[in-house]
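Biologist: I would like to learn how to read a model of this kind, one feature at a time. Please give the rule first and then the case.

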Amino acid sequence: MKPTFVTQPHLPPFEEFVPYLREIWDSKILTNCGPFHTKLEAALCQYLDVPYISLFSNGMLALITSLQTLRVTGEVITTPFSFVATSHALHWNGLTPVYVDIDPATGNMDPTKIEQAITRNTTAIMPVHVYGNPCDDTAISRIAAVHGLKVIYDAAHTFGVKQNGTSILNYGDLAALSFHATKVFNTFEGGAIICKDAETKQRIDYLKNFGFADEVTVVAPGINAKMNEFQAALGMLQLQHLDDALTARGKIDAFYRQSLGAIKGLHCLPWLPDVEPNYSYFPVLVGDEFPISRDALYAKLREANIFARRYFYPLISEFAAYRNLPSANPANLPVATKMSQQVLCLPIYPALATAEQHRIVDVILSIHTS
C-alpha cells in the first residue's frame, strides 16, 4: 500500500511545464532575477493583493533577511509553537528569542502575554500565523506601537488567507512566506517577503543579492538568496491551478470535520469565523477522553501506512539550542506544552483520494469504538 503523508507537493501536469523549461533554456537566463522571476513577483502581488513582494530561494532565508532588513537587535518576542526555523532565523542574526505562551483556541501567540515579556533589550515581535489562522494583529500592533517595536510575521502557512476580505500578509511591518514543496503554493523550495513600500523592497532585494546595488557597488553585507528561474516558472504554473487545489483542500477539510467532529476526546481546531482559509493543515487535538494517547494514535496511523505528523512537537523551546533560555521554562508555557503533546495533523492535499480519506477516518473511528 502506498504511504499517505500529512501533505504532499501539489504539482501540475509535467507536460504543462515543458514549454516553460524550453523558454528558460533558450533564453540562457537561469537565475539573477530573470524574466520568470519578474513575472512571478508581479503575478503574486496581484493574486495575494499585496503592494510589494521579493522572492527568495527558501523561506528560512526570507525570515533571516526580514530581520536584517529592519535592523533588529537584542531580544525578539516569539512563540515556541512553530517550526524550528522561526527561532533559527533569530539565532543566525545573533538575536535572543523570548518565548511567550499561546492561545489554546488557535495555537497563535497570546497577545496578553507579550507586554510582561518586554525588556529594555526588546526590539521586535515575531508571531506565527499557525496553520494559517491569523494572529490577533490588532492587539499585537497596538502593543508594538506603544513600545516602539517592529512586527515581523512568520507567515509560512498563510498563502492566500484573508481576514474580513483583506490579505493577512499585509499585517505587521513585514511578512515572510514559505514556498516549500509541502506548502499550499510551492516552487519546489522557495519563499518571499511582503513589504509595504518601494524603499524597503529595494533594501530586501539588495540583501538577497550579496548587497549589490550595481556592478561595482555593495551597499550591505548581503547573502545569496535569489529564487532561480526554474522555481519561478513552476510558481507561474502553480498559480494557474491554485484555485482548484484550494477547492479540493476545502472539501477534504469539510469531510474530516463532518466525520470526526463528534468524537469525544478529539478536537478539530476551528478556522476563525471571519477568515477565508487556505486549508493548509488539518490539526486535531487528542485529549484525555480519547481511548488512546496522541502518540499511540500516531503510531496506529503509521502502522496503517498513514503518515500523520505531530506538528509542532517538540516545542522549539525544548530543543537543546534554546531550552536553557529563561523564557523556555515549561512553567512559562503551559498552553503551548499541552498543545504540543496533543496535536496531530492529518493528511490533507489535493490529490488525496476519497477512498484514502475514508480509510484515514475509519482507522480513527475503529479506535474510538473499540
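Biologist: Which residues make the nonpolar surface patch?

Modeller: A patch takes residues with over 30% relative accessible area and no salt bridge, joining like charges within 9 Å and nonpolar side chains (Val, Leu, Ile, Met, Phe, Trp, Tyr) within 5 Å. Accessible areas come from the Shrake-Rupley method with a 1.4 Å probe, and for residues only the protein chains shown count as cover. Here Phe-210, Phe-212 and Val-218 make a nonpolar patch of about 260 Å². Since this is a predicted model, local features need pLDDT of at least 70 and side-chain atom pairs count only at pLDDT 80 or more, while totals for chains, interfaces and linings use all residues. Residues are numbered from 1 along each chain as its sequence is written, and side-chain values use heavy atoms, with hydrogens and water left out.

Biologist: Where is Phe-210 found, and what is its relative accessible area?

Modeller: Helices (H or I, at least four residues) and strands (E, at least two) are DSSP runs, numbered from the N terminus. Phe-210 sits in the loop that connects α6 (198-207) with β11 (212-214). Buried means under 20% relative accessible area, exposed over 50%, and partly exposed in between (1.4 Å probe, protein chains only). Phe-210 has 39%, so it is partly exposed.

Biologist: How many salt bridges does the structure hold?

Modeller: A salt bridge needs a side-chain nitrogen of Lys or Arg within 4 Å of a carboxyl oxygen of Asp or Glu. The structure holds ten. In one of them, the side chains of Glu-41 and Lys-208 meet at 3.8 Å, N to O. Glu-41 is in helix α2 and Lys-208 in the loop between α6 and β11, so this pair links distant parts of the chain, 167 residues apart.

Biologist: Is Lys-208 buried or exposed?

Modeller: Lys-208 is buried, at 1% relative accessible area. Glu-41 also counts as buried, with 12%. Lys-208 has a further salt bridge, to Asp-205, with the closest N and O atoms 3.7 Å apart.

Biologist: Which residue forms a salt bridge with Asp-295?

Modeller: That is Arg-310, and the closest N and O atoms are 3.3 Å apart. Asp-295 belongs to helix α8 (residues 294-303) and Arg-310 to the loop between β16 (306-307) and α9, so the pair ties together parts 15 residues apart in sequence. Asp-295 is partly exposed at 33%, and Arg-310 is partly exposed at 25%. Elsewhere, salt bridges with shared partners join Glu-41, Lys-201, Asp-205 and Lys-208 into one network.

Biologist: What is the order of the seven strands in the open sheet?

Modeller: Two strands pair if DSSP finds at least two bridges between them. The order is β2-β10-β9-β6-β5-β3-β4, with mixed pairing. β2 (52-56) and β4 (96-99) are at the edges with a single partner strand each, so one side of each has no neighbour in the sheet. From one strand to the next, the twist averages 25°.

Biologist: How do the strands β2 and β10 pair?

Modeller: β2 and β10 (residues 191-195) are antiparallel and share five bridges. Within that pairing, Tyr-52 has Cys-195 of β10 as its bridge partner. β2 is mostly covered, with four of its five residues buried. By contrast in direction, β6 (residues 150-154) and β9 (residues 174-178) run parallel and are joined by three bridges.

Biologist: Which strands does helix α2 lie across?

Modeller: Contact means heavy atoms within 4.5 Å. Axes are lines fitted to C-alpha atoms, for helices over the stretch in contact, and angles run from 0 to 180 degrees between N-to-C directions. Helix α2 (residues 35-48) lies across β2 and β9, at about 130° to β2. Helix α5 (residues 137-147) also packs on the sheet, where it touches β5 (122-126) and β6, and its direction makes about 150° with that of β6.

Biologist: With which residues is Asp-137 in contact, leaving aside neighbours within four places in sequence?

Modeller: They are Tyr-153, Tyr-171 and Gly-172. Asp-137 lies in helix α5 and is buried, with 15% relative accessible area. Its C-alpha atom is separated by 14 Å from that of Gly-107, 30 residues apart along the chain.

Biologist: What does Gln-342 touch, not counting residues up to four places away in sequence?

Modeller: Gln-342 touches Val-284, Leu-285, Val-286, Gly-287 and Arg-294. The residue is part of helix α9 (residues 334-342), and at 15% relative accessibility Gln-342 counts as buried.
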